Amino acid sequence: MPTYRTSPPAKLNLFLEILGKRNDGYHELDTVMVAVDLRDELSLRPVESPGISLTVDWLPGRPVIADELGIASDAPLLNVPADERNLVHRALALVNQTSGYQGGWEVHLGKRIPAGAGMGGASSDAAATLRLAAAAIADRSGSATSHGLDRIDEVALTSLAEQLGSDVPFFLNPTSGLARARGRGENLSFFDLPRSHEFVVVYPGVALSTAEVYRHCHVSDPVRSGDQVIDAFCSDPSTTSQKILYNALQSTARGLSTQVGEALDWLSDTGLRHRLMTGSGSACFVWLADPTDSGQALAVELAKTRDQEPYRLSEQSGPEAKSAEGSSVQSGGALIRAVTTCTAASEIHIA
Ligand code: C5P
């Protein structure tokens, strides 16, 4: 049976405002996001015997990433669950339920997007899984041996995405433009970007729990609007002198993890004014508003200073600094990546 592959992208939030707390425990948001070309690698193969077999590793390799972060290769921070706690697993269970598919899945996930970073890695992997599995089901539904399989249309896919998480619907259709998300994150509208943009992202070697950050956050009063960010990016952002990027969760995350504040302070040394934490953290980024600046050159400079005082990130983890599995982590380094806004929708390759 064929293997279906795709490369799920990460996202950065350029703006995030908390409009209110809802009765269902979620927060009402106004957020502006872009998909960026830091990508995981996902491959999925339908197999005859039932069950979901998921394997996960880090790209280009766990020791390389551990070394960049200044942690041991077996550190809990790098343990991505491969069972029902992984959204890929839950996405496939939903696909099976919806389509009536009785067979199994062999899935491999190569991770580049850091965990607990606010870059949407798990959500993007889940959305990509829905896409690949729906394509596989559509291909099989035509075969003589697979009568009774229900294809999953766009409406059903969107509903499955919403069940999996607030950011998952965005990743079903990551485009090259800006997306504004309202509600709990699922009410999406899209805006064309006249050009691509570069950012440098710093992941300070600590995973923040989204639920934990939201539990401690405050509803803004008065609230800001994402209009200004959309206007600036969709016209000529290099002329923007004001600090337009904003994230209402940033001060909460700084309070929960010293490393977030350190990453932001560290980025202030670049001299670039547009810096922000993404989503619920912990990753932070600078936006290179001037298209003549090189994100790659800046990333190399930042990496060189990684081991020097005062840029080295804190060795101590606060009580809220948790690994993906919930235990405290020690961090002494950071992942530094130059990223660009995605130029096209993710492709599905079948081989
Ligand atoms: O939707 P998702 O499962 O990604 O959300 C994780 C947690 O983040 C939720 O359980 C909720 O506590 C919090 N959250 C929120 N408001 C949102 C999105 C997430 O309070 N709009």
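**Start of H2.** I began at the start of helix H2, where a side-chain oxygen of Asn86 reaches to within 2.9 Å of the backbone nitrogen of Val88. I counted this as a polar contact, that is, a pair of N or O atoms within 3.5 Å, where within protein one must be able to donate a hydrogen and the other to accept it, and where residues adjacent in sequence count only if both atoms are side-chain atoms. Helices (H or I, at least four residues) and strands (E, at least two) are DSSP runs, numbered from the N terminus. I note that the model is predicted, that local features need pLDDT of at least 70 and side-chain atom pairs pLDDT 80 or more, while totals for chains, interfaces and linings use all residues. Residues are numbered from 1 along each chain as its sequence is written, and side-chain values use heavy atoms, with hydrogens and water left out.

I then looked up the span of H2 (residues 87–99), whose 13 residues reach 18 Å from first C-alpha to last, close to the 18 Å expected at 1.5 Å a residue, the expected span being 1.5 Å times one less than the number of residues. Its buried residues (under 20% relative accessible area, 1.4 Å probe, protein chains only) include Leu87, His89, Leu92 and Asn96. The buried residues of H2 pack, by contact (heavy atoms within 4.5 Å), against strands E4 (41–47), E5 (51–58) and E6 (104–111) and helices H3 (121–141) and H4 (154–164). Just after H2, I found Gly100 with a positive phi of about 80°.

**Ser123.** Leaving aside neighbours within four places in sequence, I list its contacts as Leu87, Asp167, Val168 and Phe171.

**Ligand.** Around the ligand I recorded Gly25, Tyr26, His27, Leu29, Gly165, Ser166, Arg184, Thr210, Ala211 and Tyr214, each with a heavy atom within 4 Å. By class, this shell has four nonpolar, five polar and one charged residues, with Gly counted as polar. An oxygen atom of the ligand is 2.5 Å from an N or O atom in the side chain of Ser166, and a polar side-chain atom of His27 lies 2.8 Å from a ligand oxygen. A ligand nitrogen is 3.0 Å from a polar backbone atom of Arg184. The protein covers 74% of the 450 Å² of accessible area that the ligand has on its own, computed by the Shrake-Rupley method with a 1.4 Å probe. Strand E3 (27–39) and helix H6 (210–216) each give two or more residues to the shell, and H6 gives the largest share, three residues.

Note on methods
Buried means under 20% relative accessible area, exposed over 50%, partly exposed in between (1.4 Å probe, protein chains only).
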